[in-house]
Amino acid sequence: MPKFKVIRASAGSGKTFNLTREYLKLLFADTENFKHVLAVTFTNKATEEMKSRIIGDLYALSANQPSGQLGGLMDSGALSEKQIRNRATVILKKILHNYSHFSVSTIDTFFQRIIRNF
């Protein structure tokens with residue numbers, strides 16, 4: 001059964017950070033989840049920012065660099081810092097090798113894709 005999580009907040013309140021955190025939690029629960037999760041935002045700018053943050057945080061984690069997401073990932077599961085950093089490497093490689101399945105889009109793009117399929 002599909003699950004939906006809606007994050008509503010005013011401008012500058014950390015929506016993109018929170019969306020990125022939720023997306024990363026799903027990726028760390030199952031490294032294939034990027035193929036099954038759709039993140040939808042309102043603007044192209046927000047879409048690009050979210051994609052950039054996800055890839056950037058995965059890169060930082062995999063390269064043993066600081067990431068604002070590390071604490072949240074450690075708090076949300078039973079993974080150690082080393083396990084998170086190792087899994088980040090795996091997830092990053094999977095996304096980059098299957099980038100067309102990395103679905104972060106605007107609402108308009110999402111509905112256009114649905115209409116095109118029908």
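Modeller: Gladly! Contact here means heavy atoms within 4.5 Å. Keep in mind that this is a predicted model.

Colleague: Which residues is Gln-69 in contact with, leaving aside its neighbours within four places in sequence?

Modeller: By that cut-off, Gln-69 is in contact with Phe-17, Thr-20, Arg-21, Leu-24 and Asp-57. Gln-69 itself sits in the loop between α2 and α3.

Colleague: Why is Gln-69 called buried?

Modeller: Its relative accessible area is 2%. Buried means under 20%, so Gln-69 qualifies as buried.

Colleague: What makes the pair of Gln-69 and Phe-17 a polar contact?

Modeller: A polar atom of the Gln-69 side chain lies 3.4 Å from the backbone oxygen of Phe-17. The cut-off for such a pair is within 3.5 Å, and 3.4 Å falls inside that limit.

Colleague: How do you know that the length of α1 agrees with what a helix should span?

Modeller: With 15 residues at 1.5 Å a residue, α1 should span 21 Å. The end C-alpha atoms of α1 are 21 Å apart, so the two values agree.

Colleague: Which residues of α1 are buried, and what do they pack against?

Modeller: They are Thr-16, Thr-20, Glu-22, Tyr-23, Leu-24, Leu-27 and Phe-28. The buried residues of α1 pack against β1, α2, α3 and α4.

Colleague: And which residues touch the most other members of the largest nonpolar core?

Modeller: Of its 21 residues, those are Tyr-23, Leu-27, Phe-28, Ile-54, Leu-58 and Ile-95. Two or more residues of this core come from each of α1, α2, α3 and α4. Beyond four places in sequence, Phe-28 touches residues including Leu-58, Leu-73 and Ile-91.

Methods: Residues are numbered from 1 along each chain as its sequence is written. This is a predicted model: local features need pLDDT of at least 70, side-chain atom pairs count only at pLDDT 80 or more; totals for chains, interfaces and linings use all residues. Side-chain values use heavy atoms; hydrogens and water are left out. A nonpolar core is a set of buried Ala, Val, Leu, Ile, Met, Phe, Trp, Tyr and Cys residues joined through side-chain atoms within 4.5 Å. Buried means under 20% relative accessible area, exposed over 50%, partly exposed in between (1.4 Å probe, protein chains only). Helices (H or I, at least four residues) and strands (E, at least two) are DSSP runs, numbered from the N terminus. A polar contact is a pair of N or O atoms within 3.5 Å; within protein, one must be able to donate a hydrogen and the other to accept it, and residues adjacent in sequence count only if both atoms are side-chain atoms. The expected span of a helix is 1.5 Å times one less than its number of residues.
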